[in-house]
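Dear colleague,

Please find the structure below, together with its sequence. My notes on what was found in it follow directly after.

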Amino acid sequence: MRFRHAKLVLLAALGLSLLVSLAADRIDPYVLFVLYNIGIYIILAVSLNLINGYTGQFSLGHAGFMAVGGYTAAVITNQFGALNPFASGVLFFGALLAGGLLAAVVGLLVGLPTLRLKGDYLAIVTLGFGEIIRVIFQNMDLVGGARGLSVMHGYTNFFWTYGMVAVTVYVVLTLVHSTYGRGFIAVRDDEIAAEAMGINTTKYKVTAFVVGAFFAGIAGGLYAHSTQFLTPGGFNFMQSIAIVVMVILGGMGNTPGVILAAILLTLLPEGLRWVAGVEHLPGIAKMHPLGWIGDTRMIIYSLLLIVLMLTRPQGLFTWRRKIAEAAP
Amino acid sequence: MTAVEQVQNVLLKVEKVTIRFGGLTAVSNLDLQIGGNELVGLIGPNGAGKTTVFNLITGVYQPAEGEILFDGRSVVGSKPYRITARGIARTFQNIRLFSSLTVFDNVRTVFHLHLRGDIRHALWRGRAFHDEEESIAGRVMELLEIFHLEKLRDAPAKSLSYGDQRRLEIVRALAAQPKLLLLDEPAAGMNANEKTDLMRLIQFIKDRFKISVLLVEHDMQVVMGICERIVVLDYGVKIAEGKPDEVRRDPKVIQAYLGD
């Protein structure tokens, strides 16, 4: 696969998201909100897949980079009042980019000292860094501290969300599907051999980390302008774990699988909410035949995860690898 | 030590190299030279320090004392990947392929050393990128064909047989276009027939690619069969050096291998 027409596909995807975006006022706002969430989680999962899946560096700090991007973009757009659509588009794009770049810088600062660690040790250290970032925001009065930060403008729309999804997928896939990019997988498969074959393993690991952090920052900016309210608690390590679960469930280093997993795991809690129907009205919930699901929604979600992991440890959407292993 | 003086156009020069691990001196005051297009064997009983010498040359370990010159410049203090880029490639005693990558990709990955484009080319996917990828694919297939691995090009490396994996590891090292190839016990785990094939293969590589080979081997039969010069290590000290026949008769070597 050399993706000869990669750029055309990217342009088509951007055009398509623009078209859908123009018709977005016909879509139910709740559905639209869920669609944004799906897009945001696809960006998060696909970018984390570059670090955890392709390069094999188990990072648990993705929510931290998301927070950096989210707060940065929100602070920037909050400086401006209502603007005309074009100006607000430019502003939002700039804010997203700034959030991504700052997240990438933080990723570089975190990555340089930590990426000499391996496996569990790296996981623990990145978890620690993610928490440090969250605690910094919690104690920063400029962004409301623990009270949270209101984001004045709901700039996130279908075009920005899925345009960024397209860009993320494009970057990760074109990067990995090149002679240069095979180095990421070589580092994952055998770091010592990779180094002996002339691969600057540190540079590859840091590159994966920085690119991954950049897109996590972009996702954070989209999230901020979709929910329009940020709290540091929203970026705790449970959030990081949710993204890691998507990568593992989709299959490490399997981008289409990870996209499907992100869709599925974002829809699942929403779908259960749908079944429960009336979870926010306790009196009615008791009368509703499926009302009990409302309270146990997250338990069902967790149980499903356990079942999925037990039955398909190689990833829900990984078929090819299984065949490869079956060969003599 | 007449053999040492005979080395022509020295490619690798190890001078008085010593390395210690805690109280143990793994390699002591070692001198070793390899000439251009020369096949040198490094032998010795278990634990003699053969693999340690490899790790010193390739930059995995740093010598406590001494100097290692490759092509006239020191490699001491260089990172392993830089030493590979300068022209020393190796294989491993326990095979270390990129197991989930295909045979083709295992070799292709190494070609990034010769890439003109970088990460931006991969992202932009312009004509330059596609042209370069195509030429790399051609060169990879050429190498695979030489070693009769072309039919396995799309098989994951881990699915190959033991012998094919060994061969692929050598092909992968050759993709780095080295001037010096280090083979770490390539005959380990092979039967007599496979060993004969391997000897032929090593000889072929030396002649076809015009490179120098340093062969670490436990197996006397393989080393005696193909090496032009042999260096014998015991407890980290060089105890003999010379042509296979000279080394074979050396009482110190016999004693090291057979005991008192």
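A:Val106 is buried, because 23 other C-beta atoms lie within 10 Å. For this term, a residue is buried if 20 or more other C-beta atoms lie within 10 Å of its own, exposed if 12 or fewer, and partly exposed in between, with C-beta atoms placed from the backbone. A:Val106 belongs to helix α4 (residues 85–114) of chain A. Helices (H or I, at least four residues) and strands (E, at least two) are DSSP runs, numbered from the N terminus. Apart from its neighbours within four places in sequence, A:Val106 is in contact with A:Phe65, A:Val68 and A:Ala213. Contact here means that the C-beta atoms of two residues, placed from the backbone, lie within 7 Å. Between A:Val106 and A:Val68 there are 38 residues of separation in sequence, and 8.2 Å in space from C-alpha to C-alpha.

Please note that this is a predicted model, in which local features need pLDDT of at least 70 and side-chain atom pairs count only at pLDDT 80 or more, while totals for chains, interfaces and linings use all residues. Residues are numbered from 1 along each chain as its sequence is written, and chains are lettered from A and ligands numbered from 1 in the order in which they are written.

Chain B meets chain A through 32 of its residues, which are in contact with 29 residues of chain A. On the chain B side, two or more residues each come from α3, α4 (103–110), α5 (119–124) and α6 (127–146) of chain B. By type, this side has 16 nonpolar, eight polar and eight charged residues. In this count, Ala, Val, Leu, Ile, Met, Phe, Trp, Tyr, Cys and Pro are nonpolar, Asp, Glu, Lys and Arg are charged, and the others, Gly among them, are polar.

Chain B itself is divided into domain 1 (1–87 + 178–260) and domain 2 (98–177), with bounds that come from an automatic or database domain assignment. The C-alpha centres of these two domains of chain B lie 28 Å apart. Nine residues of domain 1 of chain B are in contact with eight residues of domain 2 of chain B. On the domain 1 side, α3 (80–86) and α8 (192–209) of chain B each supply at least two residues, and α8(B) gives the largest share, three residues. That side is made up of six nonpolar residues, two polar and one charged.

How many residues of strand β7 (residues 180–184) of chain B are buried? Five of its five residues are. B:Leu180, B:Leu182 and B:Asp184 cover one side of β7(B), and B:Leu181 and B:Leu183 the other. Strand β6 (residues 88–90) of chain B pairs with β7(B) in the parallel sense over three bridges; strands pair if DSSP finds at least two bridges between them. B:Ala89 has B:Leu181 as its bridge partner in β7(B). β7(B) also pairs in the parallel sense with strand β8 (residues 212–217) of chain B, over five bridges. From β7(B) the chain crosses through α8(B) to β8(B) in a right-handed β-α-β crossover; right-handed means that, with the strands pointing away from the viewer, the path from the first strand over the helix to the second runs clockwise.

Elsewhere, strands β1 (residues 10–21) and β2 (residues 24–35) of chain B run antiparallel and are joined by eight bridges.

Yours sincerely
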